[in-house]
Amino acid sequence: MNRPEITALALADRRLVVCLGPGGVGKTTLSAALALHLALGGRGVDVMTVDPAPRLLDALGLRVEDSSLQPVGLGAMDARSGARLRALKLDPKRVFDRLIERHAPSAAARDAILADRVYRNLSNALAGVADYMAMEQLLELSRAPDADLIVLDTPPAAEALDFLGAPRRMLELLDSRAVTLLGAAGGAMRGPFSMLDLAARAVLGAFDRVTGLRLLGDVRNFVRNFSGMYAGFAERAAAAGELLRDPRTLIVVVATAERERIAQAIEFVAALNELDLKAGAIAINRVRPPLPDAGEIARARKIPASLRAKLQSHLADLAALETRERAALDALHAALPQGVELLYAADLGREPRSLADLAEIAKTIRPA
Amino acid sequence: MRKPSPSVRPLTPPRLIFVTGKGGAGKSAVAAALALALSRRRPATLADLDRRGSAAAMLAAAGKSDALETLALTPRAELEAFIHRIVPLRSISQRMLRSRTFGYVTAALPGLEAFLLLERLRLIAGTAALEDRYAVIDAPATGHALELLNVAGGIRGLAPAGTLNRLAAAVEDFIADPNRFGVILTVSPEELSLREALDAARALRETPRVGWIAAALNFATAPLFSAAEVAALAAFPAHARLAEARMRAGRAAADARRALRDAGLGVIELPMVFAADFDHAGLETLCGRLERGLSQP
């Protein structure tokens, strides 16, 4: 991308762009628009989307069941040489199964895990799994020999940066000490276990009986089956952390011009800092384009009075929303953390349904 | 014969209403306005499951009311309360909660904390019935909310007998009882939001068998302009574009209303608030519509 306006982001040198943000701000659309724009500028871009709208899937030429990279035809678009765009839709369950298949020490261990009821619960129900799998999918993409630039859409984050914390949480779950504690059969425990651990184990047994879960045995099996893969998981988590901290990675926090969403975006940037990660930009999506001149309507003789009145009332409605948006953006300007670029992307006025729509959104991206 | 249209007559609110919806659809504002509306009939409680406490903050900004209390719920606090209940010996229960191992096991038992949260909602609804109050829950966004409401079935599958099995059966009965529990799906008139709401309504009727589901169609505007009027503005392309967008938004709202009603959902329509500040007045507008959409007990 050679547009001078956003050179501060050094997009030409990036290998990874990660879009983070709360739900409903248009993260997926913005990621796709950005990916298309960077591809048209001559990069080989792979974009991973999470839960895209059906029309966006159409726009990218993806089918619902696709969970591997699919080429996106740029034929009709004005693209530089070297332009390439591929897209995929994240399927957390499939990525998790693939991960187990890759790291399981044996075919028997693999089958045992895939059939395990704890695993099935974990892979289907645990919200954090989607986050972890987005990270896992990212590693897969980044290690492909022909990877040039990856644009990553992430699952919506409520208040914490679930996605970025996922590898750490997974590691804590599989922490070797717990693995040993739970994995050891009956009296065969060795090592520096505290009285607290022993008591916890006894109490857990009681908990299991009272609640009727009878799950302790299953958890123990699960953990034991998993322990062979611990090293693989630890390596993946470390690699993911490194990738996110690479200077060629750009983290973009996406929000809309609403007070609540902007407050969330600023919290995100602070939470990133705590994880020793740096947001490069906050992108405000769906910013209202400037309103047309009301005087034009007042002066036009050919417009019937009733239509003129409606146009004026509509403009007054929009002006009120514009004032609300302006106040939110002014507050953001005042609170913008140092070193974070502020970008605006304009509202298209309709839901994007083609590559051309995405290109149009991308063209509106500008520094605030 | 025409299908009876549930949206025409006001809906009878259950004791506890669980407000969910797609991110950006205005779920927290709807929850806050609903709690305000109900508190004008009976005392009401607004419980926040969202750690940001957005709905409670909106109510606080709108001013204090004796008929309305707010409360924050967290999965961790529910887990602690449950452990203290089943392990009455304080020193042991405390030790358990502090143990890292216990943390790992609960992490490996996804759904336990969520289930205990649901059990808490059941207790809140029970208290509300005894004290003749209402409770409104500002719940997580649709995906997480579905997982949460489905968790009782999962727990019953995992615990074939014992305390949790009994609690899970009680929670399932609670969710199915239209007098005690209901879900409001907050929808914005956009393709993805509408589709998600329709899918969610279908899913909620099937597996957790929710007995009371309604939709709050938020940001609904009138089309204001006709196609002929948009065409008449050809000489003013910028104005024509805006008029067309407004017309499309109005039509999208009408289509969404129809689709929601066709799915058998009661629909309460909430207007787009065109105000320079969505403050007390904005909340009042939504509150007024909700009051009219819900019948008197």
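Analyst: **The sheet of chain A**

Strands β7(A) and β8(A) pair in the parallel sense, over five bridges. Two strands are said to pair if DSSP finds at least two bridges between them; strands (E, at least two residues) and helices (H or I, at least four) are DSSP runs, numbered from the N terminus. The model is predicted, and local features need pLDDT of at least 70, side-chain atom pairs count only at pLDDT 80 or more, and totals for chains, interfaces and linings use all residues. Residues are numbered from 1 along each chain as its sequence is written, while chains are lettered from A and ligands numbered from 1 in the order in which they are written.

In general, strands of a sheet pair through backbone hydrogen bonds, either parallel or antiparallel.

At the β3 end, β3(A) and β4(A) run antiparallel and are joined by two bridges. P71(A) is the residue that stands opposite R86(A) of β4(A). β4(A), residues 84–89, is joined in turn to β2(A) by six bridges, and these two strands run parallel. Here V45(A) stands opposite L85(A) of β4(A). β2(A) also runs parallel to β5(A), residues 149–153, with four bridges between them. In that pairing, D46(A) stands opposite I150(A) of β5(A).

Strand β2(A), residues 44–49, is mostly covered, since five of its six residues are buried. A residue is buried if 20 or more other C-beta atoms lie within 10 Å of its own, exposed if 12 or fewer do, and partly exposed in between, with C-beta atoms placed from the backbone.

E325(A) is located in another helix, α14(A), residues 305–335. This residue is partly exposed, because 19 other C-beta atoms lie within 10 Å. Leaving aside residues up to four places away in sequence, E325(A) touches A257(A) and R288(A); two residues are in contact if their C-beta atoms, placed from the backbone, lie within 7 Å. E325(A) and T256(A) are 69 residues apart in sequence, yet their C-alpha atoms are 9.1 Å apart in space.

For the chain as a whole, there are 15 helices and nine strands in chain A. Of its 368 residues, 41% count as buried. Among the contacts in chain A with a separation of 6 or more, 76% join residues 24 or more positions apart.

An open sheet of seven strands in chain B has the order β3-β2-β4-β1-β5-β6-β7, with parallel pairing. β3 (68–72) and β7 (266–271) of chain B stand at the edges with a single partner strand each, so one side of each is left without a neighbour in the sheet. From one strand to the next, the twist averages 20°.

Within the chain B sheet, β1(B), residues 16–21, and β4(B), residues 134–138, pair in the parallel sense over four bridges. L16(B) stands opposite A135(B) of β4(B). Helix α6(B) packs on this sheet and touches β1, β2 (44–48), β4 and β5 (181–187) of chain B. The direction of α6(B) makes about 155° with that of β4(B). Helix α9(B), residues 191–206, lies across β5 and β6 (213–220) of chain B and runs at about 165° to β5(B).

Technical notes. Axes are lines fitted to C-alpha atoms, for helices over the stretch in contact, and angles run from 0 to 180 degrees between N-to-C directions.
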